[in-house]
Amino acid sequence: MSVAFTFPGQGSQAVGMGKELADAFPEARAVFAEVDEALGQKLSTIMYDGPEETLTLTANAQPALMAVSIAVMRVLEARGLSLKDKVAYVAGHSLGEYSALCAAGTFSLADTARLLRIRGNAMQSAVPVGEGAMAAIIGLEQADVEAICQEASKGGSCQIANDNGGGQLVISGSKPAVEVAARLATEKGAKRALMLSVSAPFHSALMAPAADAMREALAAVEAKAPVVPIIANVRAAPVSDPQEIVRLLVEQVTGQVRWRETVEWFGKNDVTTLYEVGSGKVLTGLARRIDKSVTGIAINTPTDIDSALAALLG
């Protein structure tokens with residue numbers, strides 16, 4: 001029986017994030033100060049006070065979510081938690097993969113913040129606003145959604161971006177093709193086919209310029225072997241080799257986030273508890289829907305930290 005730590009992705013941000021941690025713990029304040037310095041910007045002020053539209057910008061949301069996750073990690077570690085001794089694996093949803101790798105020692109905090117700022121800007125600028133789209137398809141099998149994407153791709157790029165589990169698949173690509181796919185999904189019996197309010201078609205082939213930018217950015221930073229294996233998004237299997245990790249991070253920009261398979265992998269490999277480290281409880285909810293044998297627990301408040309330490313160190 002073992003434990004894994006998971007790290008949330010975009011969509012889990014909220015104005016006020018990190019404030020309670022900063023007020024309670026000097027380790028959290030130190031993380032936010034280091035991220036501010038690495039970015040040359042008071043990102044922590046935007047996190048605490050907003051405005052929401054500024055926090056939600058991809059280039060801000062990505063390093064902000066990572067900062068909260070690492071703040072929680074540093075507080076846990078300062079109180080006696082050793083990731084290497086108590087946690088079997090880490091995983092993160094999309095940008096959360098960078099948080100997981102920072103937590104596991106592959107990248108420094110400053111490098112991770114800068115990488116996510118580059119990633120956010122590159123993803124935002126890869127496709128002109130309004131040309132890309134994403135949609136959530138609920139209640140269809142993956143094979144059906146793949147067939148729909150293939151049919152819709154006659155009118156542009158369209159592919160599965162996220163397999164979030166619980167019958168929810170997110171598709172991404174050029175706006176006309178995604179709109180066609182959403183209509184086809186409804187015709188084929190999807191419970192819902194909902195166009196998402198996003199600024200770019202993430203995890204699609206249209207993100208190729210962003211993948212090139214990340215290849216260049218990642219080549220310029222030191223990557224160490226993580227202290228525990230990471231379950232990579234695009235592979236849904238453990239990886240520990242730094243060069244392979246970097247290669248998969250580049251692939252992830254245009255590839256599918258295989259979250260359902262990641263949680264299923266945990267369930268099949270004796271992981272009984274998934275702690276979601278950072279802002280929100282999205283991954284905890286997904287874990288519940290994907291595999292009933294796996295317990296999801298969110299750690300994002302001082303009370304959560306106390307409870308997690310009692311369970312992990314008790």
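Predicted model: local features only at pLDDT ≥ 70, side-chain atom pairs only at ≥ 80, totals over all residues.

Q: Why are helix 11 and helix 12 called roughly antiparallel?

A: The axes of helix 11 (residues 208-219) and helix 12 (residues 242-254) cross at roughly 160° and come within 8 Å. Angles under 35 degrees count as roughly parallel, over 145 as roughly antiparallel, 65 to 115 as roughly perpendicular and the rest as oblique. Helix 11 and helix 12 are therefore roughly antiparallel.

Q: Which residues make helix 11 meet helix 12?

A: From helix 11 come A208, A210, A211, M214, R215 and L218, and from helix 12 V246, L249, V250, V253 and T254; contact means heavy atoms within 4.5 Å. By class, nine are nonpolar, one is polar and one is charged. Here Ala, Val, Leu, Ile, Met, Phe, Trp, Tyr, Cys and Pro count as nonpolar, Asp, Glu, Lys and Arg as charged, and the others, Gly among them, as polar.

Q: What makes helix 13 and helix 14 roughly perpendicular?

A: The axes of helix 13 (residues 259-268) and helix 14 (residues 282-290) come within 10 Å and cross at roughly 70°. That angle puts the two helices in the roughly perpendicular class. The contact brings W259, R260, V263 and E264 of helix 13 to L283, L286, A287 and I290 of helix 14. Six of these residues are nonpolar, none polar and two charged.

Q: How do you know that T6 is buried?

A: Buried means under 20% relative accessible area, exposed over 50%, and partly exposed in between (1.4 Å probe, protein chains only). T6 has 2% relative accessibility, so T6 counts as buried. T6 is found in strand 1 (residues 2-7). Leaving aside neighbours within four places in sequence, its contacts include W259, F266 and L283.

Q: What makes V31 count as buried?

A: The relative accessibility of V31 is 1%, so V31 counts as buried. V31 lies in helix 2 (residues 26-39). Its C-alpha atom is separated by 8.0 Å from that of L109, 78 residues apart along the chain.

Q: Why is the pair of Y89 and F266 called tilted?

A: Aromatic rings of Phe, Tyr and Trp (its six-membered ring) pair if their centres lie within 6.5 Å; planes under 30 degrees apart count as stacked, over 60 as edge-to-face and the rest as tilted. Y89 and F266 have ring centres 6.2 Å apart and planes at 45°, so the pair is tilted. Y89 is in strand 2 (residues 89-92) and F266 in helix 13, 177 residues apart. Both residues are buried. Y89 and F266 also form one aromatic cluster with W265.

Q: What makes the pair of Y98 and F107 stacked?

A: The angle between the planes is 20°, with 6.5 Å centre to centre, and the pair is stacked. Y98 is buried, with a relative accessible area of 0%, and F107 is buried at 3%.

Methods: Residues numbered from 1 in each chain as written. Heavy atoms only, no water. Axes fitted to C-alpha atoms, helices over the stretch in contact; angles between N-to-C directions. Helix = DSSP H or I, 4+ residues; strand = E, 2+ residues; numbered from the N terminus.
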